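Subject: Structure handover

Hello,

Here is the structure I said I would pass on. My notes on it follow below the model.

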Amino acid sequence: MALTKSDTLAYLGALYAIGAQNAKTKLLQMMGGLAGGGAKTSNALAFILNQNYAVTSGAQPAITEDASCGTLTPATTARTQDTNTTQIFQRPYGVSYVKQAQYGAISGLASIMAPTIIDEFGFQRAVELKNMAIDMDYTFINGVYQAAANTATAAKTNGIINAVSTNAVAAGGAAISKTLLDTLLIAMSANAPMENLVILVGSYQKVQLSNVYGYQPDSYTVGGVAIDSILTDFGKVGVVLDLNVPAATLVVAEMNLMSPVYTPVDGQIFIDEEFARSTAARNGQLFTIAGLDYGYEEAHGKITGLKAA
């Protein structure tokens, strides 16, 4: 019996439950996953992130009654805008008829409890879908902006780390500490809504945060801590492990502003298609055009150059 497409997607869901793979797509999952509910669309590769304008830092007016009745000069606030771009994510997959037929073939030692993949083509599709999700998560974190000036130039979306410039703390090789994180949050408080902040870190920094903020409750049978949120003076901040974050970097993202953006093709934001067969093989592709909308970079922050070993 061949697996249906829905069976394949169910199998993909099972793959997501595997810890190491799951931790490579955390940011994407928090934004709704592939084609998530919060996704936006753009009918061009380039899209607008925000409209920036400046307000005053605050001062006490000293306006006399005479001056208030005089001629007024209207203030005009100029606006600028930031942009990002969507880019192509494409994953081909396929199998030969012989490979599809030999779903019972084994290599090396096999356990009688091991699950049998009865549809090799569906399995290959599921794995490439997972790989595409990992590529997107990696890009949304680490991507470096590049506009597609022509068809021979690849569009590249700007990731959150490269986007942040205002609230950036250089650790200079120091270990993560409450002082460093407080310094970043204080800088962000002048610019960020600070409504749904999440710290994104790799494995090493996740352990260090637990060491810094962990408090072991009294217990004779349970030991250790695993910090998944930190109570700060600016509210509770989530802590999320994402293996695509560089080892020496910590990112604080305002998730209320984060969203994937898709450029639909004939109304479809995600294409999964099998090619016409002309040989003894089945081939297909996964295709989407996607980018990251992070709102305005001043709402996010990062610490770089942390001790990472």
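Which residue in β13 stands opposite V169? The residue is I303. Please keep in mind that this is a predicted model.

The pair belongs to the contact between β5 and strand β13 (residues 301–304), which run parallel and share three bridges. Both strands are part of an open, mixed sheet of six, ordered β5-β13-β9-β6-β8-β7. At its edges are β5 (168–170) and β7 (229–232); each has a single partner strand, so one side of each has no neighbour in the sheet. From one strand to the next, the twist averages 20°. Helix α9 (residues 203–213) packs on this sheet and touches β6 (197–201), β7, β8 (235–241) and β9 (250–254). The direction of α9 makes about 120° with that of β6.

I also looked at M188, which lies in helix α8 (residues 178–189). Is M188 buried or exposed? M188 counts as buried because its relative accessibility is 0%, where the cut-off for buried is under 20%. Beyond its neighbours within four places in sequence, M188 contacts N167, M194, L197, V252, A299, H300 and G301. Of these, V252 is 64 residues away from M188 along the chain, with 9.3 Å between the C-alpha atoms.

For the protein as a whole, there are nine helices and 13 strands. Of its 309 residues, 39% are buried. Among contacts with a separation of 6 or more, 80% join residues 24 or more positions apart.

Regards

Notes
Residues numbered from 1 in each chain as written. Predicted model: local features only at pLDDT ≥ 70, side-chain atom pairs only at ≥ 80, totals over all residues. Heavy atoms only, no water. Helix = DSSP H or I, 4+ residues; strand = E, 2+ residues; numbered from the N terminus. Buried < 20%, exposed > 50% of the residue type's maximum accessible area, 1.4 Å probe, protein only. Contact = heavy atoms within 4.5 Å. Pairing = 2+ DSSP bridges. Axes fitted to C-alpha atoms, helices over the stretch in contact; angles between N-to-C directions.
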